[in-house]
Amino acid sequence: MGKKIIAAITSLGAEQIRLLLLIGWVLFMDLHSMTPATLSTEESSHVLLLITELLTRLGIDSRWLTEHILRKTAHFCEYSIFGMLLIWNFRNGRNRMRRQRERGLPFLYPLALSVFAVPFLDETIQLFVPGRSAQISDVWLDIAGSCFGILLYRLGLKVQKGWRAGRRRRRRGWRY
């Protein structure tokens, strides 16, 4: 059974692997939203304890760090990763994007829809979980995290492009 799974994974192309990573990350976020409030609070408290202990050992005052700040930071970070995975999937399907543009469907529409729909779905799931509630502030924070992830990805591409151009100039013997 294990060999069949490994064979199936190795036979996938890069585009399918990117898509599986994105779907897997969305499922991870949604499963986190399905965690009952008591377990979620216990998990956050444990992480908070670890971080405050680390900061104390580094000689940094950690009294400002609360469970609320930790949870909001976690929301922002997990959606930043989502934004990076999302743009990575959309950007690397260039042929698909060209076909969409030719049909009149701009590249931005499905990307924007995903950035808005996934956080709303995430918060809607929480309405049905004991002790949890949906918060519009979390939706906006998640959208901001997704946009930050997209911008971070784009910045990484610019840096990579500049680094490659500089490397080519150095190989040709150009000086700055």
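Residues are numbered from 1 along each chain as its sequence is written, and side-chain values use heavy atoms, with hydrogens and water left out. Because the model is predicted, local features need pLDDT of at least 70 and side-chain atom pairs count only at pLDDT 80 or more, whereas totals for chains, interfaces and linings use all residues.

The protein chain contains seven helices and zero strands, where helices (H or I, at least four residues) and strands (E, at least two) are DSSP runs numbered from the N terminus. Read from the N terminus, the order of elements is α-α-α-α-α-α-α. Of the 176 residues in the protein chain, 31% are buried; buried denotes under 20% relative accessible area, exposed over 50%, and partly exposed in between (1.4 Å probe, protein chains only). The accessible surface of the protein chain amounts to about 12,300 Å², and carbon and sulfur atoms account for 67% of this area. These areas come from the Shrake-Rupley method with a 1.4 Å probe, and for residues only the protein chains shown count as cover. Among contacts (heavy atoms within 4.5 Å) in the protein chain between residues at least 6 apart in sequence, 68% join residues at least 24 apart.

The largest nonpolar core comprises 17 residues. Such a core is a set of buried Ala, Val, Leu, Ile, Met, Phe, Trp, Tyr and Cys residues joined through side-chain atoms within 4.5 Å. The residues with the most contacts inside this core are Leu22, Val26, Met29, Phe82, Leu86, Leu111 and Val118. Two or more core residues are contributed by each of helices H2 (14-33), H4 (67-92), H6 (108-126) and H7 (136-171). Helix H4 supplies the largest share, six residues. When neighbours within four places in sequence are left aside, Val118 is in contact with Val26, Met29, Tyr79 and Phe82.

Val118 is also one of the buried residues of H6, which include Pro110, Leu111, Ser114, Val115 and Pro119. Asp122, Glu123, Ile125 and Gln126 of H6 are likewise buried. At 1.5 Å a residue, the 19 residues of H6 should span 27 Å, and the end C-alpha atoms of this helix are 28 Å apart, which agrees. The expected span of a helix is taken as 1.5 Å times one less than its number of residues.

The buried residues of H3 are Ala37, Ser40, Ser44, Leu48, Thr52 and Leu55. These residues lie on the same side of H3, because they cover an arc of only 95° around the axis. The arc is that of the directions from the helix axis to the C-beta atoms. On the other side of H3, the exposed residues are Thr38, Glu42, Leu49, Leu54 and Arg57. H3 is followed by Gly59, which has a positive phi near 80°.

Leu55 is buried at 14% relative accessibility. The contacts of Leu55 are with Ile60, Ser62, Trp64 and Leu65. The C-alpha atoms of Leu55 and Leu65 are 10.0 Å apart in space, while the two residues are 10 apart in sequence.

A search of the whole structure for disulfides, defined as pairs of cysteine sulfur atoms within 2.5 Å, finds zero. Cys77 is partly exposed, with a relative accessible area of 40%. Cys147 is located in helix H7 and is partly exposed, with a relative accessible area of 35%. Cys147 and Phe76 are 71 residues apart in sequence and 10.0 Å apart in space, C-alpha to C-alpha.
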